[in-house]
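Subject: Handing over the structure

Hi,

Here is the structure I promised to pass on to you. Have a look at it first, and then read on for my notes.

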Amino acid sequence: MAEVEALQAKSATEVEALRIKYLSKKGKITALMADFRNVSADQKREVGIKINELKNKAQERINSLRETLASTDTEDENIDITRTAYPIKLGTRHPITLVKNEIIDIFARLGFSLAEGPEVEDDWHVFSSMNFADDHPARDMQDTFFVESHPDIILRTHTSSVQARVMERQQPPIRVICPGRVYRNEAISARAHCFFHQVEGLYVDKDVSFTDLKQVLLLFAKEMFGEETKIRLRPSYFPFTEPSAEMDISCNICGGKGCSFCKHTGWVEILGCGMVHPNVLELNGIDSKKYKGYAFGLGVERITNLKYNVKDLRMFSENDVRFLKEFEAAN
């Protein structure tokens, strides 16, 4: 009895060990009860009473130890018992989000406001309002994702559809940027993906010139990649702009000296641009004789590759925690 009364424990684990030692099927008190059959008849009553008292005393002592430990654990009212027992690691912003926000911030300082639109769009806003011919290759199934039950409903292939929505409900002056995810029916590889992110810009007003476009893009390049960055514009073709151009920047990885990323040319293409085609203005309810405009579009993944030297586009969508942790310092 004295042994049971002297039982002590410092944790719930030790209390459970005492219960097993004394009260389990193979415990000491259970063993005593098993030997009870060997007690002589004239002593059975007295021994039985003592064994029951010992069992009850052991149960009471173990319950008391358990309650004492439980009350000690909750003495401090400031302890949050729902808190996890290990430190919670904070996450980081995705590199695409970091770069997209930086692009938005640069153009916001130039007076561009933010415009957004649906990713599931109709043919008019994606193609027809942007002066795409009826037989343009972009309308083919191998280039665009169509909703099977609605042949005129597609996943947008560019955020120009947002520009169309802005123009149809707002008269100039218009100065917006349109960030968002776009989709194209391409094979997934290190250099291409079936979805990616764009930021497109549109400025429509009186007396807008190509010189205005060039100056805005030069300022953007210097803000994004550094004051020493140079740009060059090469003639190109897009259905929605005329004249059209593609813009290269001096490779910020090799400083324009030539490397594998820029294919040893010293230049890297980052965006397409041009003056808004008069047909686009007219199709969206804007008088092309009174107003002019410029537009540009850039791929966020492309800019992210240049800033962080990520060579495989698939890394952006695989959610590899090891890859994402590399951008903790950029948050």
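Below is what turned up, going from the sheets to the cores and then to a few single residues. Please keep in mind that this is a predicted model.

Sheets first. There is an open sheet of three strands, in the order β2-β4-β3, and its pairing is antiparallel. The edges are taken by β2 (120–122) and β3 (146–147); each has a single partner strand, so one side of each is left without a neighbour in the sheet. Between β3 and β4 (residues 150–155) there are two bridges, and the two strands run antiparallel. If you want a place to start looking, Phe 146 stands opposite Ile 154 in β4.

Further along, β7 (residues 231–238) and β8 (residues 241–250) are also worth a visit. Seven bridges pair them in the antiparallel sense, and the two strands form a hairpin with two residues between them. Within this pairing, Pro 235 has Ala 245 of β8 as its bridge partner.

The largest nonpolar core has 44 residues, and the members that touch the most others are Ile 103, Ile 270, Tyr 294 and Phe 296. Two or more residues of this core come from each of α5 (95–109), β6 (195–205), α8 (210–225), β8, β9 (267–276), β10 (292–299) and α10. A second, separate core has 23 residues, including Phe 132, Ala 138, Val 166 and Leu 281.

What surrounds Glu 301, leaving aside its neighbours within four places in sequence? Glu 301 lies in helix α10 (residues 300–308), and its contacts beyond those neighbours are Ile 96, Phe 196, His 197, Leu 313 and Phe 316. Glu 301 is buried yet has no salt bridge: Arg 181, the nearest side chain of opposite charge, is 7.2 Å away.

Last, the cysteines. How many disulfides does the count give? The count comes to zero, with a disulfide taken as a pair of cysteine sulfur atoms within 2.5 Å. Cys 251 is buried, at a relative accessible area of 1%, and Cys 259 also counts as buried, at 14% relative accessibility.

Happy to talk any of this through once you have had a look.

Best wishes

Definitions and conventions: Residues numbered from 1 in each chain as written. Predicted model: local features only at pLDDT ≥ 70, side-chain atom pairs only at ≥ 80, totals over all residues. Heavy atoms only, no water. Helix = DSSP H or I, 4+ residues; strand = E, 2+ residues; numbered from the N terminus. Buried < 20%, exposed > 50% of the residue type's maximum accessible area, 1.4 Å probe, protein only. Lys, Arg positive; Asp, Glu negative; His and termini not counted. Salt bridge = Lys/Arg side-chain N within 4 Å of Asp/Glu carboxyl O. Contact = heavy atoms within 4.5 Å. Pairing = 2+ DSSP bridges. Core = buried A, V, L, I, M, F, W, Y, C linked by side-chain atoms within 4.5 Å.
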